[in-house]
Amino acid sequence: MSIKGGKFAGKGETVASHYAFGPLEDDIIIKHRLLTRTTTTRGEPPLKKLQKKFTTFALEIEKEADNYNDCERLAKALLQELNTFEIPLLKSKAVIDANVREKENFNDLKGEINQQIVQAQADIEDLKRQLEESKVERKHKEEAEAIRKLIAMQPPRSETQKVITELEKEIAMLEAENTASSRTLDLRKKQFALLLHVVDELQNTIEEEQSLVEEVRNVVDDHNKSGVGGFTVGPEAMAVD
């Protein structure tokens, strides 16, 4: 048992305290008091009193004098002291039994608490898994809702099909026009090539006629220079139909 000592200080100072015995000495004192049934440091220990009663009774019995009354009185006093000493023992035994039961109950409660802790941890992990699954499911629902809204914003299928049909008709018409335009363009290309060919032929014919006229003029000029009369070739005669 530890004894605290203190010293009062003035205002603003702390109170210093110390222990008269160390922890090991406290344990020794407590064990000694439990063995001797001593609860305070004052007074004679019960075991010592019982020892004195027993010693006195034993010494009185060993006397050869006629002391039956004294022996009976000491025997009663010894029995009374034994009863007095036994009562705390019974109380201590009851306390020990209660402590043992309390300890067993505590161990049982500790086991139950540990099981509850393990179960709670398992429940927490399961709830975490369910939370993650719920998050994924909620995300999928939000995405599906967004897609549904986009689909709802689109026109009905009948109108879309009608628009597609009209577009297909327009595409067919444009393809037909394109085919007709291609054919017309090919015809125009052929006509233009033929025209270019005719122009080339006409240009060659004109060049040949001009060359022929030039040769005729040269012959006429040579004839005139030689003094041959009566032979005149005018421009009308050299005209080519």
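**Figure 1. Contacts and overall make-up of the predicted chain.** Of the contacts in the protein chain with a separation of 6 or more, 35% join residues 24 or more positions apart; a contact here means heavy atoms within 4.5 Å. This is a predicted model, in which local features need pLDDT of at least 70 and side-chain atom pairs count only at pLDDT 80 or more, while totals for chains, interfaces and linings use all residues. Residues are numbered from 1 along each chain as its sequence is written, and side-chain values use heavy atoms, with hydrogens and water left out. Along the sequence the elements run β-β-α-α-α-α, giving four helices and two strands. Both kinds of element are DSSP runs numbered from the N terminus, with helices being H or I of at least four residues and strands being E of at least two. Of the 241 residues in the chain, 7% count as buried. Buried means under 20% relative accessible area, exposed means over 50%, and partly exposed lies in between (1.4 Å probe, protein chains only). The chain exposes about 21300 Å², and carbon and sulfur atoms supply 59% of that area. Accessible areas come from the Shrake-Rupley method with a 1.4 Å probe, and for residues only the protein chains shown count as cover.

**Figure 2. The largest nonpolar core, with residues from α2 and α3.** Which residues make up the largest nonpolar core? There are six: Leu50, Phe57, Cys71, Leu74, Leu78 and Phe85. The elements that give two or more residues to this core are α2 (46-62) and α3 (68-153), and α3 gives the most, with four. A nonpolar core is a set of buried Ala, Val, Leu, Ile, Met, Phe, Trp, Tyr and Cys residues joined through side-chain atoms within 4.5 Å. For a look at one member, pick Phe57: leaving aside residues up to four places away in sequence, Phe57 touches Cys71, Leu74, Ala75 and Leu78.

Figure 3. Helix α3 has 86 residues and reaches 122 Å from its first C-alpha to its last, close to the 128 Å expected at 1.5 Å a residue. The expected span is 1.5 Å times one less than the number of residues in the helix.

Figure 4. A search of the whole structure finds seven salt bridges, each defined as a side-chain nitrogen of Lys or Arg within 4 Å of a carboxyl oxygen of Asp or Glu. In this view, the side chains of Lys76 and Glu72 meet at 3.7 Å, N to O. The two residues are four apart in helix α3, so about one helical turn separates them. An α-helix has 3.6 residues a turn, so residues three or four places apart point the same way. Lys76 is exposed, with a relative accessible area of 53%, whereas Glu72 is partly exposed at 33%.

Figure 5. Arg129 pairs with Asp126 in a salt bridge whose closest N and O atoms are 2.4 Å apart. Arg129 is partly exposed at 42% relative accessibility, and Asp126 is partly exposed at 28%. Glu145 and Arg148 also form a salt bridge, with their closest N and O atoms 2.5 Å apart. Three residues, or about one helical turn of α3, separate Glu145 and Arg148. Both count as partly exposed, Glu145 at 34% and Arg148 at 47%. Salt bridges that share partners join Asp126, Arg129 and Glu133 into one network.

**Figure 6. A nonpolar surface patch that includes Val199.** Phe192, Leu195, Leu196 and Val199 make a nonpolar surface patch of about 370 Å². Patches are made of residues with over 30% relative accessible area and no salt bridge; like charges are joined within 9 Å, and nonpolar side chains (Val, Leu, Ile, Met, Phe, Trp, Tyr) within 5 Å. Val199 lies in helix α4 (residues 157-225). Is Val199 buried or partly exposed? Val199 counts as partly exposed because its relative accessibility is 40%.
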